[in-house]
Amino acid sequence: MSVVVAKSYVEYRNDAYWLQGTRISLDSIVYAFQQGLSPESIVQSFPLLTLEQVYGAITFYLANREEIDASYAAEAAA
């Protein structure tokens, strides 16, 4: 029997979400995704990322959309 360990693609540091182990913000990926870019196109825009990381970031965003969108709205209003 093998054990499946969940990977983490996003981390919270310095009061923001970042792709784990990078200087690329989740905001950057979410903005591109909301503009209609495909994950493959996002990888072309951020060549340091793998397709897996981009899908992981999008999945994290979709799973936490309400909280993340609310924090973006609060930042924009400030």
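Which backbone nitrogen lies 3.1 Å from a polar atom of the side chain of Thr 22? It is that of Ile 24. This is a predicted model, in which local features need pLDDT of at least 70 and side-chain atom pairs count only at pLDDT 80 or more, while totals for chains, interfaces and linings use all residues. Residues are numbered from 1 along each chain as its sequence is written, and side-chain values use heavy atoms, with hydrogens and water left out.

Remain at Thr 22, which is found in the loop between E2 and H1. A polar atom of its side chain also lies 2.7 Å from the backbone oxygen of Leu 19. At 14% relative accessibility, Thr 22 counts as buried (under 20% relative accessible area, 1.4 Å probe, protein chains only). Beyond neighbours within four places in sequence, Thr 22 is in contact (heavy atoms within 4.5 Å) with Arg 13, Leu 49 and Gln 53.

Next, select helix H1, residues 26-34 (helices are DSSP runs of H or I, at least four residues, and strands are runs of E, at least two, numbered from the N terminus). Leu 26, Ile 29, Val 30 and Ala 32 are buried there. They lie on the same side of H1, because they cover an arc of only 160 degrees around the axis (taken from the directions from the helix axis to the C-beta atoms). Their cover includes strands E1 (10-13) and E2 (16-19), together with helices H2 (39-45), H3 (51-63) and H4 (65-77).

Technical notes
Buried < 20%, exposed > 50% of the residue type's maximum accessible area, 1.4 Å probe, protein only. Polar contact = N/O pair within 3.5 Å; in protein donor to acceptor, adjacent residues only side chain to side chain.
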